[in-house]
Amino acid sequence: MKVTAFIGSGRKGHSYNACEKFLKNLHTLGNVEYELVRLSDYNLKTCKGCRICFDKGEEFCPFKDDRDTLMEKMRNSDGVIFASPNYSFQVSSLMKIFIDRLAFTFHRPSFFGKTFTSVVVQGIGKGEDIVKYLDFIGKGMGFNIVKGCCIKTLEPMTEKSQSDFDRIIEQQSKKYYAQLVKREYPSPSLWWLMVFRMGRTSMHKMLDENWRDYTYYRDKGWFESDYFYPVKLNPFKKLTGKIFGKHATQIIMN
């Protein structure tokens, strides 16, 4: 198995150290290869919101930077970690630029069966909100989510702070490894079932062959499937899914 950590820090500090320790723990737990990717080492341009990746396809993006190189690393991984310091109570600018360059994956998710978690390091507080944000991003891309962790790294680090740092990383790596080896396709929550059914209905009713989202859903067979991936829905979810689809149709018709 291969796990790749994408680190949104401008320096080789606490975020890097947390991921390095995390990945070494995974390697100890099982046969896990790993790679640490510092976003600061790559050329990523700031998204201009032209929507070409949405409408025509990501390969038509006017920017020629390292986005595709980083995407390939994600595709070739069984698991992914997004790590960021808490900058002004949000992810770093490096991490946000990276996420924005991947915006089309929320329209056309593809990382099903792969495992995601997040690591946020901070001096004071509000990092849990960043964890929620990053985990939502991972879910939107299709990953199985292991709830991320937030670590205080207020400098200078005390002996207790370092002990807490090590303990949190050890616990998080064990939870992550347990999910990684499952490689499962879980039954969707009602929220994500709604996202799928209403989203695909909108695409089917409002778009056509000229739109990349439409051809992506068509080629995946998602206009006819119960969900993004093969899964057995119970009768309640099957009925609820149909209701979501009909509701989306009513919204469009009105």
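These legends cover close-up views of one predicted model.

Residues are numbered from 1 along each chain as its sequence is written.

**View 1. The largest nonpolar core.** This core holds 28 residues. A nonpolar core is a set of buried Ala, Val, Leu, Ile, Met, Phe, Trp, Tyr and Cys residues joined through side-chain atoms within 4.5 Å. Buried means under 20% relative accessible area, exposed means over 50%, and partly exposed lies in between (1.4 Å probe, protein chains only). Phe-6, Met-74, Phe-82, Met-95, Phe-98, Leu-134 and Met-141 touch the most other members. Two or more residues each come from helix 2 (52–55), helix 3 (67–75), strand 3 (79–85), helix 4 (93–101), strand 4 and helix 6 (127–141). Helices (H or I, at least four residues) and strands (E, at least two) are DSSP runs, numbered from the N terminus. Helix 6 gives the most, with five residues. A second, separate core has 22 residues, including Val-32, Ala-83, Tyr-176 and Leu-180.

**View 2. The surroundings of Met-141.** Which residues does Met-141 touch, not counting those up to four places away in sequence? They are Met-74, Phe-82, Leu-102, Thr-105, Phe-106, Pro-109, Ser-110 and Phe-111. Contact means heavy atoms within 4.5 Å.

**View 3. Thr-117 in strand 4.** Strand 4 spans residues 115–122 and contains Thr-117. Thr-117 is buried, at 0% relative accessible area. Leaving aside neighbours within four places in sequence, Thr-117 contacts Phe-22, Val-80, Ile-81, Phe-82 and Asp-135, among others. Its contacts also include Val-146, Lys-147, Gly-148, Gln-172 and Tyr-176.

**View 4. Cysteines without disulfides.** The structure holds zero disulfides. A disulfide is a pair of cysteine sulfur atoms within 2.5 Å. Cys-53 is buried at 17% relative accessibility. Cys-150 is in no disulfide either; the nearest cysteine sulfur, that of Cys-149, is 7.7 Å away. Cys-150 is also buried, at 15%.

**View 5. Salt bridges.** The structure holds 21 salt bridges. A salt bridge is a side-chain nitrogen of Lys or Arg within 4 Å of a carboxyl oxygen of Asp or Glu. Side chains of opposite charge can pair when their charged atoms come close.

- Asp-164 and Lys-160 form a salt bridge, with the closest N and O atoms 2.9 Å apart. Both lie in helix 7 (residues 159–180), four residues apart, about one turn of the helix. Asp-164 is partly exposed at 22%, whereas Lys-160 is exposed at 58%.
- Asp-55 and Arg-51 meet at 3.6 Å, N to O. Asp-55 is partly exposed at 21%, and Arg-51 is partly exposed at 43%.
- Arg-218 and Asp-219 meet at 2.8 Å, N to O. Arg-218 is partly exposed at 35%, whereas Asp-219 is exposed at 58%.
- Lys-2, Glu-35 and Lys-73 are linked in a network of salt bridges.

**View 6. Helix 9 and its end.** Helix 9 covers residues 212–220. Asp-213, Tyr-214, Thr-215, Tyr-216 and Tyr-217 are buried there. What do the buried residues of helix 9 pack against? They pack against helix 2, helix 5 (104–107) and helix 8. Gly-221 follows helix 9, with a positive phi near 75 degrees.

**View 7. A nonpolar surface patch.** Phe-136, Trp-191 and Val-195 make a nonpolar patch of about 300 Å². Patches are made of residues with over 30% relative accessible area and no salt bridge; like charges are joined within 9 Å, nonpolar side chains (Val, Leu, Ile, Met, Phe, Trp, Tyr) within 5 Å. Accessible areas come from the Shrake-Rupley method with a 1.4 Å probe; for residues, only the protein chains shown count as cover. Val-195 sits in helix 8 (residues 190–206). Val-195 is partly exposed, at 33% relative accessible area.

**View 8. The loop at Gly-30.** Gly-30 lies in the loop between helix 1 (14–29) and strand 2 (33–38). Gly-30 is buried at 16% relative accessibility.

Technical notes: Predicted model: local features only at pLDDT ≥ 70, side-chain atom pairs only at ≥ 80, totals over all residues. Heavy atoms only, no water.
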